[in-house]
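Q: I'd like to learn how to read helix packing and cavities in a model. Can you walk me through it?

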Amino acid sequence: MKRIKINIAMLVIIIMISSCKKDYLNRPPLTGITTDNFYKSSSDLRLATATLYAQPWAGWNNFPLLGIGDIMSGNMLQPYNADLVQFTSFSITPQNSYLAQSWQSFYNIVAHCNINIKAINTKMPDSVGVKGKTGALGEIKFIRATSYFYLAQLWGAVPIIEDNDKLIANPLVPRHKLEDVYKFIINDLRYAVANLPKTDQPGRVTTWSAQGLLAKVYLTRAGLGQKGTRKQSDLDSAAYFAGNVCNMSGLTLLPSYYNLFRTQYNDNPESLFAFQWAPGVGYGQGNSIQAQFAPSGSLVTGGGGWGGAIGPTIDLANLYTAQDSVRRKATFMLTGDKYPELNAAGGGYTSTGVNVKKHVVGTAADNNSPTMDLWSSIEHNAVLRLADVYLIYAEALLGNNGSTSNGQALQYFNEIRKRAGVDKVTSLTPDIIRNERRIELAFEGQYWFDLVRLSYYDPQKAISILRIQTTLTNDPDPNNRYVPRSQFSYDPATGVKTPSANSLIITPPSVNTFTLPIPANDQTADPKLLQEPVAYY
């Protein structure tokens, strides 16, 4: 089957009708061009939904995805970029450019989704079958729910926008209560679960995608407003939907963890939702992670490779055992590592430092993609993988218990470890699951959201994890005293990791650390955002 191809002409039309206003939601007017001339057939629907898988996410994907998901959580460090340093030091200001970039990206996505939902409901002719319409709406609502899930986890109470015309008429909108935002997300995903197909062309979301994400949302909401324990009904729902994916979808893990992050394996069966980046689309339109995070220009067509100063923290690196070499090498480079598939024409790439590997896929020649350029890696980086759902299932089955030997939880948890080549476990605890998630999903923008989920019901535990990362170790040997949230050098001859000095001034984390400030420009444009949130339902 053909993979999703982002129709650039159609994308331009959608962007044009969405407007490029600089106000905080990029409020898009609906025009006759969109509603009267385009939405006429099932193929039009497929084109319209395809545009939602890539370009609108570019602002989030560029730096914030890893900047928030991995730098702020202590997996990664970039000591020179001032806005990224704010994520490391928990000193994030409303003026942070990546804060504004993320907020704008998510609300751009919401706006695009709202345009399409309204057009499908009001302008599609009867000649387009009900199944085609509801399937397209399922895709759109899945993507809108994903955007709101990010917003809820990062900012808490945020405005719920369903109708762009109403927003244009009344641009000053309040934030809505967090519990209502989660209800809105769940409603969208339940619709997607019911109306998306079990199979589709590679890259398109299915009911299994929606059920996997819905399980994650329930697992997260289970702790909202709770103290010490999570809401059992939400844990049960998380286990139900994750269990459906694990036991009924027929999907399996890709045999090689390393291959998950090679472009030849884009949209493999383990990928439940991935951004569908196209090559040669120019700055701001494609996947630029590699340009920003690769450690050498020899790895990126057209230059780039500005990631020489970016690398894992020693806190993350120390979680990997010697046995866990496959996941480690696929995630970050150590000095002396050889990667034959990178710069293959030049004999491969040998790492000269400790840097990011995941998302570094090589040049246009390495990927047989002649139009791939500096700003458009063809990696379809996954937002939701089957392995993530396996771990969600295990966590939901563990629930509020201190440990579990539940057979289903262990089965799927150990499938992940088996693939990694590490020993199975015979029981699970919250810490074991959390550390496994951190390793399995490192540099995929996930760990911060695991900590946010924890902060909902056990904020002191979440704070303590961050404090340990940012506090000097108390080893009696002064040579072994270091801040775990630091980079390190590696000696391939001895296998010794030597922590680098961390002179960053880190604000002590608190419960407020887990909610980002609203971007400054948006506070100015809409003062209601600073008021107490109101009910939506």
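A: Two packed helices are described by the angle between their axes and the distance between the axes. Here, the axes of α8 (residues 130–155) and α11 (residues 207–221) come within 11 Å and cross at roughly 25°. That makes α8 roughly parallel to α11, a label for angles under 35 degrees. Axes are lines fitted to C-alpha atoms over the stretch in contact, with angles from 0 to 180 degrees between N-to-C directions; helices are DSSP runs (H or I, at least four residues), numbered from the N terminus. This is a predicted model, where local features need pLDDT of at least 70, side-chain atom pairs need 80 or more, and totals for linings use all residues. Residues are numbered from 1 along each chain, and side-chain values use heavy atoms, without hydrogens and water.

Q: Which residues in α8 and α11 meet?

A: F142, T146 and F149 in α8 meet S209, A210, L213, K216, V217 and T220 in α11, contact being heavy atoms within 4.5 Å.

Q: And how do I find empty space?

A: Rolling a probe the size of a water molecule over the atoms shows where empty space is left. A cavity is a set of points on a 1 Å grid where a 1.4 Å probe fits but cannot get out, and lining residues have an atom within 4 Å of a point. This structure holds four cavities of 30 Å³ or more. Of its 18 lining residues, F149, Y150, K216, V383 and Q446 lie nearest the centre.

Q: Which element gives the most to that lining?

A: α8, with five residues.

Notes. Helix = DSSP H or I, 4+ residues; strand = E, 2+ residues; numbered from the N terminus. Parallel < 35°, antiparallel > 145°, perpendicular 65-115°, else oblique. 1 Å grid on protein atoms, 1.4 Å probe; cavity = no way out; pocket = protein on both sides within 12 Å on 5 of 7 lines; lining within 4 Å. Points joined across faces, edges and corners; volume = space filled by probe spheres on them.
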